[in-house]
Amino acid sequence: MSVQNPLRLLDLAGMSLLRDEASAIMALKDLPTELLPPLFMEAFCGRYSETLKAMVQAWPFVRLPLGGLMKMPHLGTLQAVLDGLDILLAQKDHPRRCKLRVLDLRNTSQDFWRMWSGDRAHGCSSSLMAQVAEDRSRTKQPMAPLEVFIELHLKERTLDGFLTYLIRWVEQRKASVHLCCKKLRILSFPMENTMKVLSMVQLDCIQEVQVNCAWHLSTLAMFAPLLGQMNKVQRLLLSHIHLSAPGEQEQQHFAQITSQFLRLHRLRDLHLESPSYLEGCLDQILRCLMTPLDNLAITHCLLSDSDLSHLSQCPNISQLKGLDLSGVTLTYSSPELLPVLLQKVAATLQELYLEQCGIRDSHLEAILQSLGRCSQLMFFSLRGNLISMAMMEKLLRHTSGLPSLSQELYPVPQESYSSQGILQLGKFAQCRTELFEILRVLGRPRIIWISSSPCLHCGDNIFYHPQPIIYL
């Protein structure tokens with residue numbers, strides 16, 4: 001008999017038991033714990049609503065990872081599970097067997113179901129078995145509050161039926177149910193609806209916030225008090241927020257927003273994408289940072305010399321692992337500002353993005369010494385700038401001593417373009433040959449990628465990726 005036969009027998013037994021739901025429900029209190037997850041999967045696949053409702057009340061683990069079974073949200077299954085929870089929440093004395101404290105509706109925890117379905121590739125991991133053992137050994141505690149975990153991606157004008165039903169259910173049970181999410185994404189969702197949804201969510205559970213909306217600064221100011229309550233946020237991305245009209249009112253809105261950063265004591269990653277409001281005001285955000293950042297991205301915007309100066313002097317960027325200034329035009333900046341900034345982060349920096357910054361030979365010449373001191377650097381991208389072949393050789397020589405540098409993305413040398421800014425493939429092939437020879441002379445195994453700049457005539461932002469230049 002193969003090792004799979006007992007599992008097939010369990011599946012057959014579960015299918016047989018579910019043919020009579022009344023008998024299945026009666027048998028739950030006597031079934032071994034190991035049989036309940038496989039039986040739950042059978043009831044889920046067969047949409048046996050009454051059995052699912054009863055199994056929730058007999059669930060022997062702290063967590064029910066329902067989202068791991070749903071490729072797509074299914075309202076009928078959710079209703080059955082929530083009906084079972086309603087019965088459980090109404091009981092003063094909870095069933096002896098039930099240890100349920102968390103309903104997880106996120107698309108995670110597939111390994112839990114694979115283990116109980118007999119998938120040996122996933123079922124024997126010691127960490128997973130330890131987690132299951134911990135769930136089974138928890139001491140009895142009062143049921144409330146039940147935690148319901150979801151993924152919140154607010155990207156339509158109205159909520160779908162699944163989330164609408166769940167929000168209403170939580171709203172009627174706020175005293176006994178906490179709606180939690182770790183990651184919040186808002187994409188083109190009306191502010192009124194956003195406020196209503198977030199009023200149902202435990203904001204201090206949120207660890208990552210992404211706002212990618214064409215909001216005015218005044219709209220972000222309305223959202224800011226909610227952001228301040230998300231005091232466990234570690235990663236914050238604000239994208240495409242723009243000014244309504246420059247003036248005193250906008251300064252007040254900006255102050256309302258930055259003041260909330262004082263409450264974000266766990267913020268480690270800050271991404272500001274296309275912030276039209278930031279020029280001349282970056283110091284107001286930097287002053288409100290409460291902890292050292294691991295990653296900082298300020299992209300596709302204008303920064304003044306004072307902004308770059310404040311950035312290089314900020315104590316909370318001295319431990320940066322990632323710095324992204326792509327799309328920040330540095331052409332008119334004082335040449336000493338970027339080198340000072342790189343010196344500030346040289347000891348810890350692992351990733352550096354300077355794409356489409358208007359960098360030319362003179363700017364690159366100024367940062368070569370600082371760049372060579374970034375001993376931890378692993379990833380470096382200069383795509384979208386215009387650099388000569390001679391400066392490329394200097395750059396490759398200065399970075400050849402960086403022991404961890406393994407991914408390098410550079411622009412096509414300017415000699416590969418015609419006077420009209422059109423890429424000449426023949427000239428480019430010659431430059432590739434010269435670059436390979438430079439790598440050979442330097443003698444260190446290396447792979448570099450050369451990408452053409454956006455079209456100088458149409459502004460097309462699509463990079464051309466040829467084969468890498470490899471020297472091993």
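Predicted model: local features only at pLDDT ≥ 70, side-chain atom pairs only at ≥ 80, totals over all residues.
Residues are numbered from 1 along each chain as its sequence is written, and side-chain values use heavy atoms, leaving out hydrogens and water.

Cys314 is buried too, at 5% relative accessibility. As for disulfides (pairs of cysteine sulfur atoms within 2.5 Å), the count is 0.

On to helix H3, residues 36-45: 8 of its 10 residues are buried, so the rest of the structure largely encloses this helix. Helices here are DSSP runs of H or I with at least four residues, and strands are E runs of at least two, both numbered from the N terminus. The buried set in H3 is Leu36, Pro37, Pro38, Leu39, Phe40, Met41, Ala43 and Phe44. Just past H3, Arg47 adopts a positive phi of about 55°.

Then there are the aromatics. Rings of Phe, Tyr and Trp (its six-membered ring) pair when their centres lie within 6.5 Å; planes under 30 degrees apart are stacked, over 60 edge-to-face, and the rest tilted. The model has 12 such pairs. One of them, Trp59 with Phe112, is tilted, at 6.3 Å centre to centre and 55° between the planes. Trp59 sits in the loop between helix H4 (49-57) and strand S1 (63-64), and Phe112 in helix H6 (residues 110-116), so the pair ties together parts 53 residues apart in sequence. Trp59 is buried at 0% relative accessibility, and Phe112 is buried at 7%. Ring pairs also link Phe40, Trp59, Phe61, Phe112 and Trp113 into a cluster.

Methods: Buried < 20%, exposed > 50% of the residue type's maximum accessible area, 1.4 Å probe, protein only.
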